[in-house]
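Here is a structure to look at for the first time, together with some questions about how its features get their names. Please keep the sequence and the model in view while reading.

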Amino acid sequence: MIAPDIREHIEARLAATAVEQAVRVLYAAESGSRAWGFGSPDSDYDVRFIYVHPRDWYVGLAEGRDVIERPLDDKLVDLAGWDIRKALRLLLKSNPTLYEWLLSPIVYTDSPLRAELKAMFEAHAAPRALAFHYWSIAQGQWRREIEGKTEVKLKKYFYVIRPLLSLAWIVAQATPPPMAIDDLLGEQPMPDAPRRAVDDLLMQKRDTPELGRRPRIAAIDDWAMATLERLNPEHLALSDKPRQDMRADADHLFRRIIGIVD
């Protein structure tokens, strides 16, 4: 899925960033459209990673910056990483962004931590928090990119479609959703007209460098508006409690990773 020269370039950038920042990369994977299943030939490489500082960094009076970001380079590689403490704090808030990184089919740096964090998130995640995350993304993209416009960038539809399918999964299953759009489409029923429109748009997106601006797609519009209204988490009886409180486990994992306990 990733050309060998691009993978080598990404791994070299991760290694150089680790040296520059005096950190150790624990896990790195592709996020964004390539991992979600609707990347085009010219899509960026959205590389996301989790890292750890040496132990003493965590015991000072002031907390340091817990994010590393690098700008897009000439090979379309965008790097962004979270410190392990930030990652675990967001896990305990049921933020599914971390979970999506862990589900990625394209991994650059792997370790047993991936399975540990994935299991912990699945045990802990509160359905209501998950639902609000995806509903907010879909609503925000709809309002910014589609609502009120005659023509739209067609690729922006996917940033509404995928979170709405994820939201439907959460409402139906009360569990974190899969990452790939094909997995979501395989489980979440859609009426025939929007499903055909989505399938057609997927084929175009995967084969075409730039879809460009075109008239809106009525079948997708109607489905998206109806789904945003029907699955508004404010009107749904979703639990806002963690399925299993994993705070003690997360604390222990953090201490082990930074070298305080075995």
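Q: How many salt bridges does the structure hold?
A: In this predicted model, the structure holds 17 salt bridges.

Q: Why is the pairing of Asp78 and Arg48 called a salt bridge?
A: The term asks for a side-chain nitrogen of Lys or Arg within 4 Å of a carboxyl oxygen of Asp or Glu. The side chains of Asp78 and Arg48 meet at 2.8 Å, N to O, and because this value lies within 4 Å, the pair counts as a salt bridge. Asp78 belongs to strand β4 (residues 77-83) and Arg48 to strand β2, so that the pair links distant parts of the chain, 30 residues apart.

Q: Are Asp78 and Arg48 buried or exposed, and which network do they belong to?
A: Both Asp78 and Arg48 are buried, and together with Asp46 they are linked in a network of salt bridges.

Q: What makes the pairing of Arg85 and Glu63 a salt bridge?
A: Their side chains meet at 3.9 Å, N to O, and because the cut-off is 4 Å, this pair also counts as a salt bridge. Arg85 lies in helix α3 (residues 84-92), while Glu63 lies in the loop between β2 and β3 (67-70), and the two are 22 residues apart.

Q: Which residues line the largest cavity?
A: The lining consists of Trp57, Glu63, Gly64, Asp66, Asp83, Arg85, Lys86 and Arg89. By class, this lining has 6 charged residues, 1 polar and 1 nonpolar, and helix α3 supplies the largest share of it, with 3 residues. The space in this cavity is about 30 Å³.

Q: What is the volume of the largest pocket, and which residues are closest to its centre?
A: The volume is about 590 Å³, and of the 31 residues that line this pocket, Gly32, Ser33, Trp36, Asp46 and Tyr159 are the closest to its centre. Its lining has 11 nonpolar, 9 polar and 11 charged residues.

Q: Which residues touch the most other members of the largest nonpolar core?
A: Among the 69 residues of this core, they are Ile50, Ile84 and Ile161, and helix α7 gives the most to the core, with 9 residues. Nonpolar side chains tend to be buried together in soluble globular proteins.

Q: With which residues is Ile161 in contact, leaving aside its neighbours within four places in sequence?
A: Ile161 is in contact with Ile181, Val198, Ile220 and Trp223, and contact here means heavy atoms within 4.5 Å.

Terms used:
Residues are numbered from 1 along each chain as its sequence is written. This is a predicted model: local features need pLDDT of at least 70, side-chain atom pairs count only at pLDDT 80 or more; totals for chains, interfaces and linings use all residues. Side-chain values use heavy atoms; hydrogens and water are left out. On a 1 Å grid over the protein atoms alone, a cavity is a set of points where a 1.4 Å probe fits but cannot get out, and a pocket is an open set with protein on both sides within 12 Å along at least five of seven lines; lining residues have an atom within 4 Å of a point. Grid points are joined across faces, edges and corners, and a volume is the space filled by probe spheres set on the points. Ala, Val, Leu, Ile, Met, Phe, Trp, Tyr, Cys and Pro count as nonpolar, Asp, Glu, Lys and Arg as charged, and the others, Gly among them, as polar. A nonpolar core is a set of buried Ala, Val, Leu, Ile, Met, Phe, Trp, Tyr and Cys residues joined through side-chain atoms within 4.5 Å. Buried means under 20% relative accessible area, exposed over 50%, partly exposed in between (1.4 Å probe, protein chains only). Helices (H or I, at least four residues) and strands (E, at least two) are DSSP runs, numbered from the N terminus.
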